[in-house]
Amino acid sequence: MRFPKDFLLGAASASYQVEGGWNKDGKGLSNWDVFSKIPGKTFEGTNGDVAVDHYHRYKEDIGLMAEMGLESYRFSLSWPRIIPDGDGEINPKGIEFYNNIINECLKHGIVPFITLYHWDLPQTLEEDGGWINKRTVDAFVKYANTCYRAFGDRVKHWITFNEAVVFCDLGYLKGAHPPGIEGDVKKYFQATHNVFTAHARAVEDYKNLRQFGEIGITHVFSPAFSRDDSEDNKLAAYHANQYGMSWYYDPVLKGSYPEYVIKDLDKNGWTPDWTEEELKIIELAAPKNDFIGLNYYQPMRVVKNNEAVEKRDNSREKSTGEPGNSSFDGVFRTVKMEDKKYTKWGWEIAPDAFLEGLRILKSHYGDIKLYVTENGLGDADPIIEGEIVDVPRIKYIEEHLRAIKNAIKEGINIKGYYAWSVIDLLSWLNGFKKQYGFIYVDHKDNLKRKKKLSFYWYKKVIETRGEEI
Ligand code: BGP
């Protein structure tokens, strides 16, 4: 079987992780420009000031994507590059930069797939309360509208937010992302609700403009499975899925929040400050979503937690995705299992759990269109005689593409795959050591680009539309 003709084979990046040019041409400060410079927050103090200098080398990079045969490039826009103070004047140089990127993609026949928000918030908004403050919701809707109007003639695929669970959880519960707040459950739920409201309003607005493209949101896809058959652990997994999946997928796809979580929030005094009007907006926008983007790296293996919550470790090491910590409410714990495989950074490699998760998703939400907007292997790539022989990455992507093929055969509506990442880039908390790309960047030699083995492999996959997988 080949991937269907309308299935896009692509790869992804995000502004802060590749661009650099942090203070170039009128760009405003982002929360990450500030946060990454607080000692101890990132691996060896790495930051995105230069990143991989995509800001200056985008032509070369998109040229390489074209050579690889990439059909679509998912990238994000830096909000403070476009509206430096969040909701004030538009920066023409910011618009020009993204026009250049989009036009360069189109010149090579690469479909641009835009993420509006991949975590770099204008610092002015962060200082005014960030996602807790409803000013940020209004500001986002204005920013999104600016982007539709500037680029919507050529861009027909829009993602509003990337992984709300990650920037809200790490931002307000673990303190590992901006604004660096630890353990504030009330703020965490407020931030998520404000994001869903912003998303819903941005979807409405897009549809009202009648640009005839598609719009959706990208969520982490990390279904929880009980470690074993014990009733306690199965309940723990149910709880994990309610909080980690339903809380995020329901408002977008069903237009309402899951009862199970709402009851808990009520009981604990965590209910967000929401208005009837906002809840209505969320409800009305839900059927207008064209797709949902899934970022799949690993599932969760879950057991009931019996330790005191105070013991929760929120250090940077514990915030980088490796299992082994209790949930914020102390109900469950994620665990490593002896019979599973893990990456060097401790993330489980489980293409079978991906397929299983997709089946569950379909049973909950029906035939909604899906894009896999991220999936890939973070590794320290082997270099042999100057060649980057990233065989484990090839194997990883191949296994996941196979799972997707099987899902398509079962009638699951997946329309594209975006490997994370197109090029080696800055890992938020892990510096440049944890590589994901098809294109290597030499930090010892002037950020020179080099094609990895996976580059040639993915080129062939695209050429043959995955026939050999
Ligand atoms: C996702 C983010 C990406 C990317 C990826 C890999 O959560 O959307 O931006 O960073 O994870 O994560 P890491 O770099 O921590 O390995």
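# Notebook: a buried arginine, salt bridges and helix packing

**Entry 1, Arg81.** I started at Arg81, which lies in helix H4 (residues 79–82). The model I am reading is a predicted one. Is Arg81 buried or exposed? With a relative accessible area of 1%, Arg81 is buried, because buried means under 20%. I then looked up what Arg81 touches, leaving aside residues up to four places away in sequence. The partners are Glu19, Gly20, Gly21, Lys24, Lys27, Tyr55, Asn91, Gly94, Phe97 and Tyr98.

Next came the salt bridges. How many does the structure hold? I find 44 salt bridges. I opened the one between Asp61 and Arg449, where the closest N and O atoms are 2.8 Å apart. This pair links distant parts of the chain: Asp61 sits in helix H3 (residues 54–68) and Arg449 in strand E15 (residues 448–451), with 388 residues separating them. I checked the accessibility as well, and both Asp61 and Arg449 are buried.

I turned to Lys267 and Asp264, whose side chains meet in a salt bridge at 3.5 Å, N to O. Both residues lie in helix H11 (residues 259–268), three residues apart, or about one turn of the helix. Their surroundings I noted one by one. Lys267 counts as exposed because its relative accessibility is 67%. Asp264, at 16% relative accessibility, counts as buried.

Then I looked at Asp339, which forms a salt bridge with Lys340. Here the closest N and O atoms are 3.9 Å apart, and a salt bridge is counted within 4 Å. How accessible is Asp339? Its relative accessibility is 58%, so Asp339 counts as exposed. Lys340 has 25% and therefore counts as partly exposed.

Which residues are linked with Asp381 in a network of salt bridges? I list Asp390, Arg393, Asp424 and Lys452 alongside Asp381.

The axes of H3 and helix H15 (residues 453–463) come within 8 Å and cross at roughly 55°. H3 and H15 are therefore oblique to each other. On the H3 side I find Leu64, Glu67 and Met68, and these meet Phe455, Tyr458, Lys459 and Ile462 in H15. Sorted by class, this contact has five nonpolar residues, two charged ones and no polar ones.

H13 contributes Pro351, Phe354, Leu355 and Leu358 to the contact, while H14 contributes Glu399, His400, Ala403, Ile404, Asn406 and Ala407. These residues divide into seven nonpolar, two polar and one charged.

I went on to the backbone. Pro178 and Pro179 are joined by a cis peptide bond, with omega about 5°. Where is Pro179? I place Pro179 in the loop between helix H8 (164–172) and helix H9 (185–209). Trp420 and Ser421 are also joined by a cis peptide bond, again with omega about 5°. Ser421 is in the loop between strand E13 (414–420) and strand E14 (439–442).

Asp25 has phi near 50°, and the residue falls in the loop between helix H1 (15–18) and helix H2 (31–35). At 38% relative accessibility, Asp25 counts as partly exposed. Arg210, which is not a glycine either, has a positive phi of about 50°. I find Arg210 in the loop between H9 and strand E5 (214–220). Is Arg210 buried or exposed? Arg210 is exposed, because its relative accessible area is 58%.

Note on methods:
Residues numbered from 1 in each chain as written. Predicted model: local features only at pLDDT ≥ 70, side-chain atom pairs only at ≥ 80, totals over all residues. Heavy atoms only, no water. Contact = heavy atoms within 4.5 Å. Helix = DSSP H or I, 4+ residues; strand = E, 2+ residues; numbered from the N terminus. Nonpolar A, V, L, I, M, F, W, Y, C, P; charged D, E, K, R; others polar. Buried < 20%, exposed > 50% of the residue type's maximum accessible area, 1.4 Å probe, protein only. Axes fitted to C-alpha atoms, helices over the stretch in contact; angles between N-to-C directions. Parallel < 35°, antiparallel > 145°, perpendicular 65-115°, else oblique.
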